[in-house]
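Please look over the sequence and the model shown here before reading the report.

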Amino acid sequence: LTYLGTWRFGVDSPRYGRMVVISTVQNPKDQAEAVSEMLATYPALEGRTVATVLPVPSEAESRLYEVMPYPRYPHYFRRHWW
């Protein structure tokens, strides 16, 4: 079994150039809860070792872009109307 850490997502308030931050941390309480839920669901995994692996880099930041909804561009989404 591999525990990938606790993933946290943070999103800025709604605006055009908002950012999203994704980070992973090792939280022993969350890990114990995840392992107990896994063993309750899959009892055949009892006795297996649990490896903890955190992604590198543990934090990433990216920009979210807004895509205009469908009704605002009716001429673009028409299929084969030429």
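## Overall fold

This is a predicted model, and its secondary structure comes to 2 helices and 5 strands, which follow one another along the sequence in the pattern β-β-β-α-β-β-α. Of the 82 residues in the protein, 11% are buried, while the accessible surface comes to about 7200 Å², with carbon and sulfur atoms accounting for 57% of that area.

## The three-stranded sheet

An open sheet is formed by 3 strands in the order β2-β3-β5, and the pairing is antiparallel. Because β2 (6–11) and β5 stand at the edges and have a single partner strand each, one side of each is left without a neighbour in the sheet. Neighbouring strands of this sheet are turned by 15° against each other on average, with direction ignored.

Strand β3, which covers residues 19–25, pairs with β5 over 5 bridges in the antiparallel sense, and one of the residue pairs involved is Val20 with its bridge partner Ser62 in β5.

## Glu59 in strand β5

Glu59 lies in strand β5, which spans residues 59–63. Its relative accessibility is 52%, and the cut-off for an exposed residue is over 50%, so Glu59 counts as exposed.

Leaving aside residues up to four places away in sequence, Glu59 touches Val21, Ile22 and Ser23. The C-alpha atom of Glu59 is separated by 9.3 Å from that of Arg8, although these two residues are 51 residues apart along the chain.

Terms used: Residues are numbered from 1 along each chain as its sequence is written. This is a predicted model: local features need pLDDT of at least 70, side-chain atom pairs count only at pLDDT 80 or more; totals for chains, interfaces and linings use all residues. Side-chain values use heavy atoms; hydrogens and water are left out. Helices (H or I, at least four residues) and strands (E, at least two) are DSSP runs, numbered from the N terminus. Buried means under 20% relative accessible area, exposed over 50%, partly exposed in between (1.4 Å probe, protein chains only). Accessible areas come from the Shrake-Rupley method with a 1.4 Å probe; for residues, only the protein chains shown count as cover. Contact means heavy atoms within 4.5 Å. Two strands pair if DSSP finds at least two bridges between them. Axes are lines fitted to C-alpha atoms, for helices over the stretch in contact, and angles run from 0 to 180 degrees between N-to-C directions.
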